Amino acid sequence: EIAFGQVDAYTKQESDRPQIVGYYHSASRVQSADICPLSRRMADKLADKYPHVIMLLLDNKKLETFVQSGAQVPFELFGQDGKSWRREPAEKLSISGSSVSLLEAFSGMLASQAHRGLV
C-alpha cells in the first residue's frame with residue numbers, strides 16, 4: 001500500500017519530472033512466469049495517468065537461459081488493451097535512436113548491475 005501511495009503522489013505532481021514509461025516486475029519464485037494481481041494493480045494505477053505505459057515481466061526461467069547463452073530475450077512485454085493487459089511480441093521492443101540491439105543493451109546493463117539504480 002505504501003508503493004501505491006508513492007505512485008499516487010508522484011503522478012499527481014505537475015512538474016518537470018521524467019514521464020513514467022513502464023513498470024517492470026520480477027516474480028520472487030523461479031517457477032512463476034505470470035504477473036501477480038498486485039503488479040497488475042500497480043501498472044493499472046500508472047496507466048491511469050500515463051496511457052502509453054508498458055509492463056515488462058522478467059521471466060526467471062528465460063533469465064537463466066539468457067545468462068548461460070545470451071540468446072533469448074528474458075522478459076515479456078505487456079501492453080494495455082482497454083482495462084486489461086495483453087502480451088505483445090518481444091520484437092516490438094527496441095531502443096529508439098540506437099544501433100545497439102535490445103539483447104546487447106540488456107546484457108550490458110545486467111553485467112553492470114544497472115538494475116540496482118532503477119526506481
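Q: Which residues of helix α1 are buried?
A: Phe4, Val7 and Thr11 are the buried ones in α1, which covers residues 2-12. Buried means under 20% relative accessible area, exposed over 50%, and partly exposed in between, with a 1.4 Å probe and protein chains only. Helices (H or I, at least four residues) and strands (E, at least two) are DSSP runs, numbered from the N terminus.

Q: Before we go on, what kind of model is this?
A: It's a predicted model: local features need pLDDT of at least 70, side-chain atom pairs count only at pLDDT 80 or more, and totals for chains, interfaces and linings use all residues. Residues are numbered from 1 along each chain as its sequence is written, and side-chain values use heavy atoms, leaving out hydrogens and water.

Q: OK, back to α1. Where do its buried residues sit around the helix?
A: Phe4, Val7 and Thr11 are the buried residues; looking down the axis of α1, they fall within an arc of 60°, so they line one face of the helix. That arc is taken from the directions from the helix axis to the C-beta atoms.

Q: And what's on the face turned away from the buried side?
A: Exposed residues: Ile2, Gln6 and Lys12.

Q: What covers the buried residues of α1?
A: The cover includes α2 (37-49). Contact here means heavy atoms within 4.5 Å.

Q: New topic: what order do the strands of the sheet have?
A: It's an open sheet of four strands, ordered β1-β2-β3-β4, with mixed pairing. The edge strands are β1 (22-26) and β4 (84-88), and each pairs on one side only. Two strands pair if DSSP finds at least two bridges between them.

Q: Are β3 and β4 parallel or antiparallel?
A: Antiparallel, over five bridges, with β3 spanning residues 75-81. One example: Gly79 has Arg86 of β4 as its bridge partner. In the hairpin of β3 and β4 there are two residues between the strands, and Gly82 takes a positive phi near 70°.

Q: Which strands does α2 lie across?
A: β1, β2 (54-58), β3 and β4, and α2 runs at about 175° to β1. Axes are lines fitted to C-alpha atoms, for helices over the stretch in contact, and angles run from 0 to 180 degrees between N-to-C directions.

Q: Where is confidence lowest, and where is it highest?
A: Lowest in helix α4 (residues 102-111), with a mean of 72, and highest in β4, at 86. The protein averages a pLDDT of 77; pLDDT is the predictor's confidence in each residue, from 0 to 100.
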